[in-house]
Amino acid sequence: MSRTSDPALARPSAAPRKLLWPTVAGTALFLFVQYASAIWRLAHSSKEMDNKFSALARTHYLKFLIGQNLEVLIAYVLLGIAAVTLVLPLVSTWCKRLRKPSRTKAIAIAFFLVGFIHGYFMLRLTKTRPYFLNDAEFGAWYYRVLDWPASVQPALRLILFVILPLLFVAWVAWWYIRRSNRISRLIGIGVLVVTLVPLAISALPAKTAAPVAKDDKRPWNVLIIASDSLRGDRLGCDGYRPARSDGPAAAGVSPAIDALAARSIRFSRCYTPIASTMESSVTFMSSQFPHTHGIRQMYPDQDTVKRMEETVLPMASVMKAKGYDTAAIGDWCAGYYQVVPLGFQDISVSNFDSFKIYMSQAVVMAHFVIPLYFDNALGYRLFPQIASFAQFVTPDVVTDRVENRIEQQAASGRPFFWHVFYSCNHLPYRSSEPYNRMFTNPDYRGENSHGVAFDINKFIGGTDLESKWKALPATEVNQIRSLYDGCTRQFDHCVDRILDALKRNGLDDHTIVVITADHGDDLYEPGVTLGHGLTFNGGGQANHIPMIVHVPGLEGKVIPETIRTVDVMPTLADLVGAEKPDRWEGRSVANWIKGTETPETIPFFGETGFPFIQFTVPGIERPKLPTMDELTTIDEDYNYQFVLKEEYRERLVAAKQRCLITKNWKLVCTPTKQGTRHFALYRLATDESGGIDRADKHPEILVPMKAALERWIDDHQQSTIHEIFPDGEPG
């Protein structure tokens with residue numbers, strides 16, 4: 001390629017003929033650098049991951065990883081074509097202004113321009129999909145560049161990310177159209193069509209379904225909307241107020257949910273028997289305790305799942321038999337439905353705990369051009385696997401799917417039973433703009449800026465996370481709590497959109513809406529740090545979930561008596577007139593909702609989940625269990641799922657903490673290394689966080705509660721309050 005001046009490059013007729021190949025060369029060089037950098041990042045990050053699974057990926061699955069890296073070349077080729085199309089007019093214009101243009105300079109100009117456009121899209125990503133940057137090794141300065149005052153952000157974002165790109169595309173199209181070459185004109189027209197047609201379609205007003213005729217005999221629809229790790233005490237309707245109350249934060253963390261709760265029945269004390277997603281969700285849908293359905297930790301083997309399917313008769317199966325459309329819709333936290341379908345006809349969720357999915361996602365996120373440019377309908381067609389990735393199936397994607405399905409359902413007239421499950425509140429509390437900054441301190445610049453800093457190696461194969469999390473200063477704790485509040489507000493927005501879609505399509509007056517969660521989360525309350533399902537020390541926030549049941553036509557009220565998640569499906573079955581299977585273990589509280597029965601506290605029995613961390617209990621030596629990477633293995637005959645090793649199944653169950661909560665008291669059972677059981681008793685009104693153990697001072701309370709809890713542990717028998725305290729529960 002000539003390094004000398006080439007005057008022909010400066011003539012208008014030279015473009016695109018003379019400049020095409022230098023532009024292709026410069027673009028290809030830039031994309032080659034990106035591809036090579038991605039390979040380096042993937043290899044480097046793999047070496048840094050010091051655990052059994054990363055070593056397995058580098059050895060046993062190396063061929064699969066190589067194939068995935070070759071497959072993503074399709075993305076680079078498509079990006080190259082698009083980049084050349086957009087950059088060629090700029091290269092031509094620039095070269096005309098050079099005194100001594102040359103092919104070498106044209107290549108350099110093309111390389112620079114493609115890099116500039118790439119940087120622009122990176123900048124745009126910080127405002128549209130900041131969650132992608134969690135795994136990308138890019139400077140944090142991207143976040144600070146767009147730290148504009150809140151009052152001017154909407155206008156500047158409109159100018160920078162909408163108006164300027166449209167003006168640029170229009171200029172590129174005009175540049176091609178005014179060329180004498182027919183191919184150039186076709187390219188220009190194509191650029192306009194590809195850009196403007198999707199914009200025109202998105203600008204069309206949303207369709208409004210024709211009003212559905214009122215008919216009291218229509219079956220009830222049931223729509224359950226949940227967010228993973230949403231606490232029952234961190235919603236506005238429960239009295240919670242965030243630290244910040246300025247600007248958008250003034251509306252609180254849950255304005256839409258609060259408005260719904262005001263006209264609904266809200267159970268202020270609803271608990272899940274196990275605070276872990278898969279186990280809790282099976283319990284919720286099957287109305288059976290974990291010891292009955294058999295899913296007692298989040299890595300069940302294939303035989304355990306088969307036995308579970310033979311044991312349960314989930315609500316979706318009951319509703320399907322009544323002619324209902326049944327669907328589970330969600331993102332990565334709903335991926336357990338790929339393992340335990342629980343009777344749903346349609347499942348639209350991410351894949352869950354497949355090692356190949358994890359490896360494929362690692363490759364895609366290393367090749368950052370894919371999340372940057374292919375998080376769209378075209379990308380999902382070219383790379384179907386990314387539709388299963390956690391960072392691609394976002395809350396907005398889930399809500400879009402629900403809105404579309406509501407519209408279709410309104411047209412069909414068929415009743416439905418749906419479970420919509422979001423990951424909004426799950427660790428590491430990484431929400432999108434504007435929620436990720438809505439409640440945080442604007443002056444904060446620490447490592448938890450946009451999510452909880454998370455070391456995967458220490459989580460999978462380490463043992464010191466408890467000490468690290470306990471050492472966080474108050475500034476970091478407040479930041480983490482504020483990030484959580486932003487996640488709740490994002491979920492609230494999703495709920496608002498779904499409720500609006502129901503109303504828009506004439507289904508709001510005949511749809512029972514339930515707002516809930518699978519479990520809560522610890523947020524540095526006394527005695528705990530982060531996580532869920534790991535301990536009953538501290539308060540009950542990891543097991544306490546929202547339970548808002550909206551039945552159109554019934555007045556709103558708050559019911560403070562305790563219920564469990566096993567009670568929800570029997571209640572819904574009674575509300576819609578479905579027959580309850582004999583194998584269900586929960587109790588219907590439909591008459592509480594209707595006001596025909598006086599509520600009474602139902603004792604809560606619970607157990608901990610998978611021991612990612614075995615939190616210390618003062619004065620007790622607990623039975624030691626290995627780390628996650630030693631407890632589990634990969635079953636290639638079971639869709640490459642992570643499963644608990646057989647030799648640890650009984651040991652894990654035996655090491656679980658158990659808990660019994662009545663109206664006034666909380667009893668925690670902790671197995672010891674010596675094979676005994678330690679019992680600690682707390683008075684809920686003053687010591688829910690586990691501050692003072694009153695077991696020695698109140699034997700009249702300890703003895704009957706201990707007997708009831710051991711009856712549940714050993715014989716799997718529930719007890720009523722009257723059976724525990726025949727003469728009434730002491731205060």
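Before anything else, I needed a meaning for "buried": a residue counts as buried when its relative accessible area is under 20%. I also kept in mind that this is a predicted model.

**Entry 1: a buried pair.** With that cut-off in hand, I looked up Arg-296 and Glu-607, and both are buried. They form a salt bridge, with the closest N and O atoms 2.9 Å apart. Arg-296 sits in the loop between α11 and α12, while Glu-607 belongs to strand β14, so this pair ties together parts that are 311 residues apart in sequence.

**Entry 2: other salt bridges.** How many salt bridges does a search of the whole structure find? I got 23. One of the pairs I looked up is Arg-231 with Glu-525, whose closest N and O atoms are 2.8 Å apart. Arg-231 is in the loop between β1 and α9, Glu-525 is in the loop between β8 and β9, and 294 residues separate them. Both Arg-231 and Glu-525 are buried.

Next I took Asp-238 and Arg-266, whose side chains meet in a salt bridge at 2.9 Å, N to O. Asp-238 lies in the loop between β1 and α9 and Arg-266 in strand β2, so the pair ties together parts 28 residues apart in sequence. Are these two residues buried or exposed? Asp-238 is partly exposed, because its relative accessible area is 28%. Arg-266 is buried, at 12%.

I also noted a network of salt bridges that links Asp-325, Asp-346, Arg-405 and Arg-414.

**Entry 3: helix α12.** I then turned to α12, which covers residues 302–311, and found Thr-304, Val-305 and Met-308 buried there. Why do they share a side of α12? They cover an arc of only 100° around the axis, which puts them on the same side. The buried residues of α12 pack against α10 and α11. At the start of α12, a side-chain oxygen of Asp-301 comes within 3.1 Å of the backbone nitrogen of Asp-303.

**Entry 4: the sheet.** Last, I traced an open sheet of eight strands with mixed pairing, in the order β5-β4-β6-β1-β7-β11-β2-β12. Its edge strands are β5 and β12, each pairing on one side only. From one strand to the next, the twist averages 15°. Inside the sheet, β7 and β11 run antiparallel and are joined by four bridges. I checked Val-513 and found that its bridge partner in β11 is His-550. Helix α10 lies across β1, β6, β7 and β11, and runs at about 160° to β6.

Terms used. Residues numbered from 1 in each chain as written. Predicted model: local features only at pLDDT ≥ 70, side-chain atom pairs only at ≥ 80, totals over all residues. Heavy atoms only, no water. Buried < 20%, exposed > 50% of the residue type's maximum accessible area, 1.4 Å probe, protein only. Helix = DSSP H or I, 4+ residues; strand = E, 2+ residues; numbered from the N terminus. Arc of directions from axis to C-beta. Contact = heavy atoms within 4.5 Å. Polar contact = N/O pair within 3.5 Å; in protein donor to acceptor, adjacent residues only side chain to side chain. Pairing = 2+ DSSP bridges. Axes fitted to C-alpha atoms, helices over the stretch in contact; angles between N-to-C directions. Salt bridge = Lys/Arg side-chain N within 4 Å of Asp/Glu carboxyl O.
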